[in-house]
Amino acid sequence: MSARRIFARPARLAAIAPYLWMVLFFMVPFGFVLKISLSQTAIAQPPYTPVFDLTEGRAALAAAFAQLSFDNFKLLLQDNLYILSYLRSLIVAVTSTLILLLIGYPVAYGMARLPQRWQGVAMMLVIVPFWTSFLIRIYAWINILQHDGLLNKVLLALHIVSAPLVWLSTDSAMYLGIVYSYLPFMVLPIYAVLEKIDHTLLEAAADLGCPRWKIFWLVTLPLSLRGVIAGALLCFIPIVGEFVIPDLLGGSETMMIGQTLWTEFFTNKDWPVASAIAVVLLCLLVMPIVVYQQMQTRELAGGR
């Protein structure tokens, strides 16, 4: 028996493992959520109807399936609360991602230009915040931004302001918390791409008389687009459904969709509507991933 045949079967089994993982921990839970989103709210346990009971036979299951409806999805389109929550989440996610890109790209570029022995140190400094609990870091910002917090004390000591400013429960505090929390997700993918760029290409452009800004615009930036897109997706997708940062640092004027989902699920006990919100949110977040995958496929096809 050849070595190829010996290793072929384990390789095929290893390739199946990610698909099994997706089925067990994504598709099956999504099926439950989708079923609940098609149900109706009820004062019962669980708080929705119909409930499938496999022991009652095929006729009971058919009757339960017949009771499913899209009423909850229609409600999402008819109620401005949900529409505004989705729009608010998308606007916050896009704005935060752009801010992260404006900050993260120069940081990643500077890391890639450092001597090799210092790049590891710079990467460690970016990763260090992950060693502390996410909630502890957000509560630290609450202490910094509160009325008598560190920030106001510093501003007063430097005579920049004459009275303490209001930072908490504002959009500024929310964006600050989001940018602080998600910055490593933007920096690391861009750095990974910039660090692999062939420096002979930059030297060739310089030898041909290309100024530095033009080298960056025509050579470095196009070659780093993969990292930019990957970092943008890593930040944009979780920010859309963010709950903790807007709830602790942001204002209450307009809730993001994560806060609306929390309210429907835990306060109103309306599991069907909350599940419908989650299903629509998932569909919105899958779209940029599909677009990115299509771009990658076209790029690979063009390279061949």
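Tutor: Let's start with Asp171. This is a predicted model, and in it Asp171 has a relative accessible area of 31%.
Student: Buried, exposed or partly exposed, then, for Asp171?
Tutor: Partly exposed. The reason is the cut-offs: buried means under 20%, exposed means over 50%, and partly exposed is in between.
Student: What does Asp171 form with Arg88?
Tutor: A salt bridge. The closest N and O atoms are 2.8 Å apart.
Student: Why would two side chains pair up like that?
Tutor: Side chains of opposite charge can pair when their charged atoms come close.
Student: Where do Asp171 and Arg88 sit in the chain?
Tutor: Asp171 is in helix H8, residues 171-194, and Arg88 is in helix H4. They are 83 residues apart, so the pair links distant parts of the chain.
Student: And Arg88, buried or exposed?
Tutor: Buried, because its relative accessibility is 17%.
Student: How many salt bridges does a search of the whole structure find?
Tutor: One.
Student: Let's stay on H4. Where is Thr97 found?
Tutor: Thr97 is in helix H4 too. Its relative accessible area is 10%, so Thr97 counts as buried.
Student: Which residues does Thr97 touch?
Tutor: Leaving out residues up to four places away in sequence, Thr97 touches Met186, Ala232, Cys235, Phe236 and Ile239.
Student: Which elements give two or more residues to its lining?
Tutor: Helix H1 (3-37), helix H13 (257-267) and helix H14 (271-303). The largest share comes from H14, with six residues.
Student: Which residues line the largest pocket?
Tutor: Among them are Val33, Ile36, Leu261, Phe265 and Leu285.
Student: How do the lining residues of the largest pocket divide into nonpolar, polar and charged?
Tutor: Nine are nonpolar, three are polar and none is charged.
Student: And how much space lies in the second largest pocket?
Tutor: About 200 Å³.
Student: Which helix gives the most to that lining?
Tutor: H10, with five residues. Helix H4 (80-113) and helix H9 (199-207) each supply at least two residues as well.
Student: What classes does the lining of the second largest pocket have?
Tutor: Six nonpolar, one polar and two charged residues. The residues lining this pocket include Arg113, Arg212, Trp213 and Thr220.

Key
Residues are numbered from 1 along each chain as its sequence is written. This is a predicted model: local features need pLDDT of at least 70, side-chain atom pairs count only at pLDDT 80 or more; totals for chains, interfaces and linings use all residues. Side-chain values use heavy atoms; hydrogens and water are left out. On a 1 Å grid over the protein atoms alone, a cavity is a set of points where a 1.4 Å probe fits but cannot get out, and a pocket is an open set with protein on both sides within 12 Å along at least five of seven lines; lining residues have an atom within 4 Å of a point. Helices (H or I, at least four residues) and strands (E, at least two) are DSSP runs, numbered from the N terminus. Ala, Val, Leu, Ile, Met, Phe, Trp, Tyr, Cys and Pro count as nonpolar, Asp, Glu, Lys and Arg as charged, and the others, Gly among them, as polar. Grid points are joined across faces, edges and corners, and a volume is the space filled by probe spheres set on the points. A salt bridge is a side-chain nitrogen of Lys or Arg within 4 Å of a carboxyl oxygen of Asp or Glu. Buried means under 20% relative accessible area, exposed over 50%, partly exposed in between (1.4 Å probe, protein chains only). Contact means heavy atoms within 4.5 Å.
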